[in-house]
Amino acid sequence: MIKIAVCDEKNEAAVLTEKMNEIFEKDETMIRMSYFKNVSLLRYEVEDRVYFDLYILVIQQGQSNYYRSQLPFGYQYLDK
């Protein structure tokens with residue numbers, strides 16, 4: 001099973017994540033997405049040894065230094 005963590009403080013991805021999980025379940029796809037409304041909640045999961053195969057982090061500009069410091073793992077910053 002592929003486990004995906006989606007973290008988005010603006011809650012823009014919450015509904016999409018839920019709908020995608022419904023599609024995956026209906027199609028019996030071995031993919032599950034977990035939604036986190038902030039980095040701290042995701043960090044607690046990782047500290048409890050709940051790992052994901054893919055981390056999608058939506059970090060708003062101007063707040064990125066704080067959120068990066070909260071991550072329990074390395075990150076790669078992508079800039080246009």
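D8 sits in strand β1, residues 2-8. Strands are DSSP runs of E with at least two residues, and helices are runs of H or I with at least four, both numbered from the N terminus. The model is predicted: local features need pLDDT of at least 70, side-chain atom pairs count only at pLDDT 80 or more, and totals for chains, interfaces and linings use all residues. Residues are numbered from 1 along each chain as its sequence is written, and side-chain values use heavy atoms, with hydrogens and water left out.

D8 is buried but has no salt bridge. Buried means under 20% relative accessible area, exposed over 50%, and partly exposed in between (1.4 Å probe, protein chains only). A salt bridge puts a side-chain nitrogen of Lys or Arg within 4 Å of a carboxyl oxygen of Asp or Glu. For D8, the nearest side chain of opposite charge is K10, 7.4 Å away. Lys and Arg count as positive, Asp and Glu as negative; His and the chain ends are not counted. The backbone of K10 does reach D8: its nitrogen lies 3.2 Å from a polar atom of the D8 side chain.

**The sheet**

Three strands form an open sheet in the order β2-β1-β3, with parallel pairing. Strands pair if DSSP finds at least two bridges between them. β2 (31-36) and β3 (54-58) are the edge strands; each has a single partner, so one side of each lacks a neighbour in the sheet. From one strand to the next, the twist averages 15°. β1 and β2 pair in the parallel sense over six bridges. Here V6 stands opposite Y35 in β2.

Helix α1 (residues 14-26) packs on the sheet and touches β1 and β2. Contact means heavy atoms within 4.5 Å. The helix direction makes about 160° with that of β2. Axes are lines fitted to C-alpha atoms, for helices over the stretch in contact, and angles run from 0 to 180 degrees between N-to-C directions.

T17 lies in α1. Leaving aside residues up to four places away in sequence, T17 touches V6, M33 and Y35.

**The salt bridge**

The structure holds one salt bridge. The side chains of R43 and E47 form this contact at 3.0 Å, N to O. Both residues lie in helix α2 (residues 39-47), four residues apart, about one turn of the helix.

| Residue | Relative accessible area | Class |
|---|---|---|
| T17 | 4% | buried |
| R43 | 27% | partly exposed |
| E47 | 47% | partly exposed |

Technical notes: A polar contact is a pair of N or O atoms within 3.5 Å; within protein, one must be able to donate a hydrogen and the other to accept it, and residues adjacent in sequence count only if both atoms are side-chain atoms.
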